[in-house]
Amino acid sequence: MLEKNKSVAFYTLGCKLNFAETSTIARQLLKEGFQKVLFEEAADIYIINTCSVTENADKECKTIVKRALQINPEAFVCIIGCYAQLKPEEIAKIEGVDLVLGAKEKFNIHKYLQEIHKESETQIHSCEIDQADFFIGSYSIGDRTRAFLKVQDGCDYKCTYCTIPLARGISRSSTLENVLSQAQEISDKNIKEIVLTGVNIGDYGKGEYGNKKHEHTFLDLVQGLDKISGIERIRISSIEPNLLKNETIEFVSKSKKFVPHFHIPLQSGSDDILKKMKRRYLTNLYEDRVYKIRELLPDACIGVDVIVGFPGETEQKFMETYTFLQNLPVSYLHVFTYSERDHTEAIEMEGIVPISERKKRNKMLKILSEKKRQAFYESQLGKVKMALWEHENKNGKMYGYTENYVRVTKNYQEQSINQLEKVSLNTIDHLGNVEIDI
């Protein structure tokens, strides 16, 4: 049986979806009698929620395990998340890891932690990924001003570079009733902003009742959430361009809750590379979506995911991407360097781009991103927006975000934490944040 008051600490790698799931698992363990402590403190159990989108994430997992055992060499270490589902045997070889739980098992973690003993062999409990066909609702609270609300999981797309379908299974959704109920729970905790998360949230509705029929769509979800009382702002996280319909953009443009911020994965500005990646759109559709947003929401922040160094990306094809993004009225880029992943189609493709060239292209796009963000921030100066202030005090300064995702700063005032405040965007400081007049 569980000894009373076992302490547990969490570390989350990767996406907003992982943060939502970690937070939900933590609340579950608190109900079971565990005590939550900070990761930097000595804990009886360390739970590390992993990502496996890039090779770096795998290496990061090993580093975090070492850090936990430096704090408490006797601690029980449990690994969950995408890396745990994809490569449990590889994780089991990491010194100090006691338990590895796959996609299905992680939500029953409390059962595996009733009795904990450090043994010579790592325990692995990992299902076949086709068994991960159920949906567990999750949301994050307590760690941030914003709450991440999971509305969808898994993916049916077959992008040739991606391991997420192997790690998270088929596309499936929370019921609309459950999402609205959890959004109200978040609102009742005086959280001002919700960020919708999932693997492919535009696919919302699929698998809502354990099958593929679409009882509800992403637009239904957005319209339902818009009526939740108490929540001031709702932010759509990453959404595929082919699933971001004009009706959704039009609804957001009229909504008082949904904010003018879209993050739309592009991955490449070359149609040839998009086809090799098996993306479900070409650059003309992507461009249409961006200009539709700009037409209806001129001050909207538009973020872009882009991958450099995909097999077959010649210098010319990379420059197609660079020029496409340079000319597109977007606000910032998230740049990823392609890394070979086991069990993907891309790993067998010809035209491998040298690592040094991948790094060079990454740097070029990161510089372009800085220029895009600077231009976007400059376009907002002199305008009045609503800032939601975060709790951290950094050298006497506090920070927050406007509805259109401009990072703002002012002198620290404790009474402003988690408050929405009307501000005038004044100047850009040396760190790239916007200083405000109140």
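Does F19 count as buried, partly exposed or exposed, and at what relative accessibility? At 24% relative accessibility, F19 counts as partly exposed, where buried means under 20% relative accessible area, exposed over 50% and partly exposed in between, with a 1.4 Å probe and protein chains only.

This is a predicted model, in which local features need pLDDT of at least 70 and side-chain atom pairs count only at pLDDT 80 or more, while totals for chains, interfaces and linings use all residues. Residues are numbered from 1 along each chain as its sequence is written, and side-chain values use heavy atoms, with hydrogens and water left out.

Helices (H or I, at least four residues) and strands (E, at least two) are DSSP runs, numbered from the N terminus. Because 5 of the 6 residues of strand 1 (residues 7–12) are buried, this strand is largely enclosed by the rest of the structure. Strand 1 pairs in the parallel sense with strand 2 (residues 35–36) over 2 bridges and, also in the parallel sense, with strand 3 (residues 45–50) over 5 bridges; pairing requires at least two DSSP bridges between the strands.

Rings of Phe, Tyr and Trp (its six-membered ring) pair if their centres lie within 6.5 Å, with planes under 30 degrees apart counted as stacked, over 60 as edge-to-face and the rest as tilted. By this rule there are 11 aromatic pairs, including these two:

| Pair | Centre distance | Plane angle | Class |
|---|---|---|---|
| Y11 and F39 | 5.0 Å | 65° | edge-to-face |
| F19 and F148 | 6.3 Å | 65° | edge-to-face |

F19 in helix 1 and F148 in strand 7 (residues 146–150) are 129 residues apart, and F148 is buried at 3% relative accessibility.
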